[in-house]
Amino acid sequence: MNRITQLLKHILPTSLFGRSLLILVVPTVLIQLVAIYIFYERHWDSIVRNMSASLAGEVAMLVHETHLANESERLYRKELFEEISGMQIFFTSLDRFHPMETPDPRFKDFIYQLDKRLKQDFSVRQLDGNGDIHIEVKLKDTVLVVEVSKKRLVSTTTLIFVIWVIGSSFILLVIAVVFLRNQVRPITHLAAAAEGFGLGQDDPTFRPYGAREVRQAARAFLTMRSRIKRQMETRTTMLSGISHDLRTPLTRMKLQLAMLEDKEAAEALQGDVEEMQRLIDAFLDVARGDAETAESELTDP
């Protein structure tokens with residue numbers, strides 16, 4: 001379990017943008033996969049069965065009407081069926097019948113429906129030229145040939161459905177990317193402003209914007225920045241005042257040391273006075289340089 005958790009941590013994106021996009025994309029992809037599965041396993045199979053049953057019924061009716069009819073009646077019924085159904089129908093000799101050795105798996109439903117309705121031998125194959133369906137039924141003295149468009153057995157909505165699924169997913173992904181970038185940008189600016197302020201590089205143009213929670217965090221940052229600035233100004237003023245106040249008694253001490261007759265004692269105290277002078281100068285340097293932080297530069301250790 002721990003290994004799986006560690007693996008997921010390495011695989012999953014670490015940025016807020018990547019994780020938010022993943023939250024949107026994964027459910028969308030799962031929903032599309034479920035929709036495709038339901039469409040193909042339920043709806044598509046039902047459509048194919050109904051189309052196969054309808055076409056098999058028409059072919060069976062044509063066979064029934066022409067099986068025992070004479071030549072003139074066959075021609076009449078052939079022309080009538082061609083006009084009504086849009087199929088191409090003709091008759092050929094028995095020696096030109098092509099038995100179906102291996103059923104085409106693409107037309108298994110149609111072959112199954114024909115086998116239920118016909119007592120005669122038949123064969124089904126797809127023509128190489130235009131891809132239409134070629135059906136042969138062996139009658140007692142002739143072979144009935146029916147050529148019908150493959151659209152009667154193959155629905156064109158399949159391609160439309162796939163394009164719709166892919167297209168809608170792509171559009172949703174583009175909208176999600178644009179929307180998430182706009183939502184993440186204020187957080188990025190807030191992080192940059194906080195980092196710059198920590199390095200002494202204040203951004204006076206920073207303003208809260210974005211979602212309500214992001215604006216709330218930005219306002220909290222501005223409030224914190226104002227408090228820190230006031231504290232820094234107060235400390236700077238205090239250090240500057242203390243340092244200036246100490247300069248006066250220190251100057252008097254220097255004058256008194258200069259007037260002492262005991263040179264050895266004066267030299268010992270002079271070192272302490274100079275040390276205090278260096279400390280005061282350091283305080284003043286801090287007070288003067290507190291508002292301006294030196295730019296960082298590369299240094300060879």
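Predicted model: local features only at pLDDT ≥ 70, side-chain atom pairs only at ≥ 80, totals over all residues.
## Ground rules

Local features here need pLDDT of at least 70 and side-chain atom pairs count only at pLDDT 80 or more, while totals for chains, interfaces and linings use all residues. Residues are numbered from 1 along each chain as its sequence is written, and side-chain values use heavy atoms, with hydrogens and water left out.

## The whole protein

The protein has seven helices and four strands; helices (H or I, at least four residues) and strands (E, at least two) are DSSP runs, numbered from the N terminus. Going along the sequence, you get α-α-α-β-α-β-β-β-α-α-α.

Of the 301 residues, 28% count as buried, meaning under 20% relative accessible area, with exposed being over 50% and partly exposed in between (1.4 Å probe, protein chains only). The protein exposes about 21500 Å², and 60% of that comes from carbon and sulfur atoms; the areas are from the Shrake-Rupley method with a 1.4 Å probe. As for contacts (heavy atoms within 4.5 Å), residues 24 or more positions apart make up 61% of those with a separation of 6 or more.

## The sheet

The four strands form an open, antiparallel sheet in the order E1-E4-E3-E2. E1 and E2 (122-126) are the edge strands, each pairing on one side only. From one strand to the next, the twist averages 20°; axes are lines fitted to C-alpha atoms, for helices over the stretch in contact, and angles run from 0 to 180 degrees between N-to-C directions.

Helix H4 (residues 108-117) lies across E2 and E3, and runs at about 160° to E2.

E4 covers residues 143-148, and six of its six residues are buried. Val143, Val145 and Glu147 point one way, Leu144, Val146 and Val148 the other, and all are buried.

On one pairing, E1 (residues 88-92) runs antiparallel to E4 over five bridges; two strands count as paired if DSSP finds at least two bridges between them. Here Phe91 sits opposite Leu144 in E4.

The other pairing is with E3 (residues 133-138), antiparallel again and joined to E4 by six bridges. Ile135 has Val146 in E4 as its bridge partner, and Lys138 stands opposite Val143. E3 and E4 make a hairpin, with four residues between them.
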